[in-house]
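Me: I have a structure open here and some quick questions about it. Can we go through them one at a time?

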Amino acid sequence: MSSLLGGLNSLRNANIDENHRGLFYSGLFELATGFERLMKIALILDHQLKNHLKNPTNKELRAFGHNIKDLFDNCSILPQAYGLRQQPSFNDKQTKIISTLTEFAKGSRYYNLDMLTNNNQNDDPIGLWLSVIDDHIWSLRSDVRTKLRNDSAEVIERSGMASSWQQNVDGEWVTVLDFYYLMSATEKANPHIIWSIIEILRPFYGLLRHQCYELHELYAQQGKENEIPYMYEFFPFFLTPKSSALRKKQWIWGK
């Protein structure tokens, strides 16, 4: 819960300027951690349901691995297997989010350190996330993008910096106009990115609820003390409606 909320909060408030670009790294780290742990919870509960309430062994748990996409694929078949109506269904933007988190967890989180040792074999995680941002910018209404571009041009013209260049967060040099536009467009796109993530996470609420109810019944039938908390109660923010998600600036427990 803390990792997912922390990741959502950081990515909602991240931007390409020097004061906010560090939030990309912390957001991806926390979100990748949260996704992996959430999906492993679901797989552990599924193992208990199928193995007479037994937890997986350490060897079986390690076999789940750390590949977020593989974990997600394994979890995606569970709702249908349980006969649940709400099942994962993703668009291209959401598929890219999962792919970026997977690459980050696999090794791109070490990108900056690997660059120092000339042993870099991973993609720049910020470059990957900028592609996610770009997808959501292009999903904004055309009139919104036009207004952002015009407002940026007006600000830069007044500042007298139209011919200046600025280094983007991924190291690429762009005009100050493009940089200011991208900064404004990122701020506008971030809530929509958060909504894309919430849509990815939403089916897990019903999945965990079903698993917990089934396990509670099994414990009762066998006369054993129930060891399973109501897992889904940790994740009410998965049910945040779109209108609220787009307005929300801070993702903090209880707010």
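Me: Which element gives the largest share of the lining of the largest pocket?
Reply: Helix α8 does, with six residues. Keep in mind that this is a predicted model.

Me: Which elements give two or more residues to that lining?
Reply: Those are α8, residues 125-138, and α10.

Me: How many residues line the pocket in total, and which lie nearest its centre?
Reply: The largest pocket is lined by 15 residues. Nearest its centre lie Asp134, Ile137, Asp178, Tyr181 and Leu182.

Me: What volume does it have?
Reply: The largest pocket comes to about 280 Å³.

Me: And how does its lining divide by class?
Reply: Seven of the lining residues are nonpolar, three are polar and five are charged.

Me: Switching to cavities. How many are there of 30 Å³ or more?
Reply: The count is one cavity.

Me: Which residues line the largest cavity?
Reply: Cys75, Ser76, Pro79, Pro88, Pro203, Phe204 and Leu207. Two elements, α4 and α10, each give two or more residues to this lining. The largest share is three residues, and it comes from α10.

Me: What classes are in that lining?
Reply: Six nonpolar residues and one polar residue, with no charged ones.

Me: OK, zooming out. How many helices and strands are in the chain?
Reply: The chain has eleven helices and two strands.

Me: What does the C-alpha trace span?
Reply: About 75 × 45 × 30 Å along the principal axes of the chain.

Me: Back to α10. At what angle do α1 and α10 cross?
Reply: At roughly 155°. Here α1 covers residues 2-13, and the two axes come within 9 Å. That angle makes α1 roughly antiparallel to α10.

Me: Which residues meet there?
Reply: From α1, Leu4, Leu8, Leu11 and Arg12. From α10, Glu187, Asn190, Pro191, Ile194, Ile197, Ile198 and Leu201. By class, this contact has eight nonpolar, one polar and two charged residues.

Me: What about α6 and α10? At what angle do they cross?
Reply: They cross at roughly 80°, and their axes come within 10 Å. Helix α6 is residues 92-106, and α10 is residues 176-221. The angle makes α6 roughly perpendicular to α10.

Me: Why does that count as perpendicular?
Reply: Because angles of 65 to 115 degrees count as roughly perpendicular.

Me: Which residues of α6 meet α10?
Reply: Gln94, Ile97 and Ile98. On the α10 side they meet Ile193, Ser196, Ile197, Glu199 and Ile200. That contact has five nonpolar, two polar and one charged residues.

Me: Last pair. How do α2 and α4 pack?
Reply: At an angle of about 35°, with their axes 10 Å apart. Helix α2 spans residues 22-50, and helix α4 spans residues 68-76.

Me: Is that crossing left-handed or right-handed?
Reply: The crossing of α2 and α4 is left-handed.

Me: And which residues meet?
Reply: In α2, Ala32, Phe35, Glu36, Met39, Lys40, Ala42 and Leu43. In α4, Ile68, Leu71, Phe72, Asn74 and Cys75. The classes here are nine nonpolar, one polar and two charged. Cys75 comes up again in the lining of the largest cavity.

Terms used. Residues are numbered from 1 along each chain as its sequence is written. This is a predicted model: local features need pLDDT of at least 70, side-chain atom pairs count only at pLDDT 80 or more; totals for chains, interfaces and linings use all residues. Side-chain values use heavy atoms; hydrogens and water are left out. Axes are lines fitted to C-alpha atoms, for helices over the stretch in contact, and angles run from 0 to 180 degrees between N-to-C directions. Helices (H or I, at least four residues) and strands (E, at least two) are DSSP runs, numbered from the N terminus. Angles under 35 degrees count as roughly parallel, over 145 as roughly antiparallel, 65 to 115 as roughly perpendicular and the rest as oblique. Contact means heavy atoms within 4.5 Å. Ala, Val, Leu, Ile, Met, Phe, Trp, Tyr, Cys and Pro count as nonpolar, Asp, Glu, Lys and Arg as charged, and the others, Gly among them, as polar. A crossing is left-handed if the near helix is turned anticlockwise from the far one by less than a right angle, and right-handed if clockwise. On a 1 Å grid over the protein atoms alone, a cavity is a set of points where a 1.4 Å probe fits but cannot get out, and a pocket is an open set with protein on both sides within 12 Å along at least five of seven lines; lining residues have an atom within 4 Å of a point. Grid points are joined across faces, edges and corners, and a volume is the space filled by probe spheres set on the points.
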